[in-house]
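The walk below goes ring by ring.

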Amino acid sequence: MLESIIVNDQRNPRKTEQMPDFNDTALETQLRRFLYIGKEKPEYQPGNWFVHHYYQAKNVPSFHELAANPLKHDTIISSIMEAQNKQLVQNPETLIFALAVCAQQEKHEALRTKAYDAVKEICKSPDHFILFNKFCSLINKTKSTPKNGWGHGWRRAVKSWYLSKSPMELAKIVTQTKGRYGWKHKDIIKLAHVPATHEDKKIVFRYILQGMKKMKEENVRKPQSNLSEVGGQLLVYFESIENVKHCEDEVRCAAYVDSLQLSLDHIPGHMLKSEEIWNVLVMSMSLTDILRNLQRIHNMDFLNPNGTMVAKVLDSINEQNVTAEKIHPAVFLVAVKNYENSGKPLSFEKRKVKEQAKRPLPPPPKPNKKIVDALNKMLNFSFSIVQPTNVHYMITINMNKTMLDSGCWQCSNVNAAEAGCLIALSLLRAEKNVTVAIFTNNGIQCVDIDMNLTLAQMMRKLEPTSVDAIDLSKPMQWAAQKKKSIDVFINIVDQICQKSDSSEEGIKSYRAKMNLPNAKLVNCAMCASSTYDKEAYDKNILSICGFDEKVPKIIEAFARSYF
């Protein structure tokens, strides 16, 4: 009934003429902002966005309003596609959620169709595909009339995703990523009634739906002469995967992992503490994955000075891998600080459990000095691969005692001053026009920084300064007075108070005096969990609370006017 009403609305020209007047520019900006920073207001906060309920349909009103305008359907989908192609979205889950919202909205069937058509392009990885299905299910249940069923468009998109894969590709996907986010491939295939259109794919679907034992029984009933070459390879592959699952011998299991080129996701739980297995995995892991699992490997005492794995890890931490994977200096800074301080800080929930247990966790082994030195060396090298945006920056850092002594919110192993200096040095190495200054009691003081300095040397160059009160408008006032053309101002402080924040008036005044209507401002409150709410937001002012390895890329996307 609802779908028929929607169709009638689309065909009735009179109703189209009476459509509300949309402020499309503002809505499209809000849409893109959500894709890049997870919110429709210009404030980025690091952390677990699933835990903090970012992914709820009520948080994206711009999508629903734009969905009511048929002329904007292509704009919505193209914005999602463009954001993915520009590769500066740091949490790709926002793209998946946006697509799910479009697929489940009830304004227009045409937009649902476009969203489902884009699933193969946006959800290329099995993780993202499963997450899309989870988001669709959750949105369905929060509608005014909750639904548990699945429509034709969803079933068509699911069938298209599975059937577009080759049999061996599909086999590797379902063995590596059996399930995610509480969903399994088995559940999705059953719900969508995905047909196996080819004999080889039937083998894969039997394995997914029935398991190895029943799949083998089914194939025994059929003459082996009917089995294709690919079918035979699939049976051997699945047999090997099952052997890995149930293998108790570390050496034999490691040989399977090596010969089949399996990833960490393939390894059964009882083998995850085996040094033999990790020795093989590290050889095939990307540097990004090694950095992500570094503390985990270290805690199992595999990186002791006499260990064989140290050399393999050190071999991976090289300039070639850093360049190939385009790893930003912020990733190395966070990795080395976490490693030196024995991992990430405990979350509130983990601290509470630890306190209740009244039993301190055993301390991990001391960090391996060779690995720390290698990470610091690559930290310095990685500044050379930062991509320029070709805009003029002015970055002003507060170097008071609080900044030097306090860890960043959500990244407390990195102090606020270090994070500020890293952002500044990244820009100095990549851009031609960067002004660096520090806040003082009298306003600001420009500092001449050699771009070839290391991060540690820059920290020593920017000497601690005692500042009673910060005026965030001072950099704009200075630039206007000196008639310097600045495209992006970046203020890095410990926190921002509503009473003392004059930055919005400062940037507006600067734009008017210099005739630069699109000059941007980024206020980074490194030690604050949030900034104060405003009645209206300037689209060219971005607030950042805390710090993580994604912050420099968020600033880059904002400087490029992607949101």
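Start with Phe-132. Phe-132 is buried, at a relative accessible area of 1% (buried means under 20%, with a 1.4 Å probe and protein chains only). The model is predicted: local features need pLDDT of at least 70, side-chain atom pairs count only at pLDDT 80 or more, and totals for chains, interfaces and linings use all residues. Residues are numbered from 1 along each chain as its sequence is written, and side-chain values use heavy atoms, without hydrogens and water.

Rings of Phe, Tyr and Trp (its six-membered ring) pair if their centres lie within 6.5 Å; planes under 30 degrees apart are stacked, over 60 edge-to-face, the rest tilted. Tyr-116 and Phe-132 make an edge-to-face pair, with 6.3 Å between centres and 90 degrees between planes. Tyr-116 sits in helix α7 (residues 109-117) and Phe-132 in helix α9 (residues 126-141), 16 residues apart. Helices here are DSSP runs (H or I, at least four residues), numbered from the N terminus. Tyr-116 is buried too, at 8%.

Phe-129 and Trp-161 count as stacked because their centres are 4.0 Å apart and their planes at 5 degrees. This pair links helix α9 to helix α10 (residues 152-163), across 32 residues. Phe-129 is buried at 1%; Trp-161 is buried at 0%.

Rings also group. One aromatic cluster holds Phe-34, Phe-50, Tyr-55, Phe-63, Phe-97, Phe-135 and Tyr-181.

Last come charges over rings (NZ of Lys or CZ of Arg within 6 Å of the ring centre and within 35 degrees of the ring normal). The charged end of Lys-86 sits over Tyr-562, 4.2 Å from the ring centre. Lys-520 lies over the face of Phe-558, at 5.1 Å.

Technical notes:
Helix = DSSP H or I, 4+ residues; strand = E, 2+ residues; numbered from the N terminus. Buried < 20%, exposed > 50% of the residue type's maximum accessible area, 1.4 Å probe, protein only.
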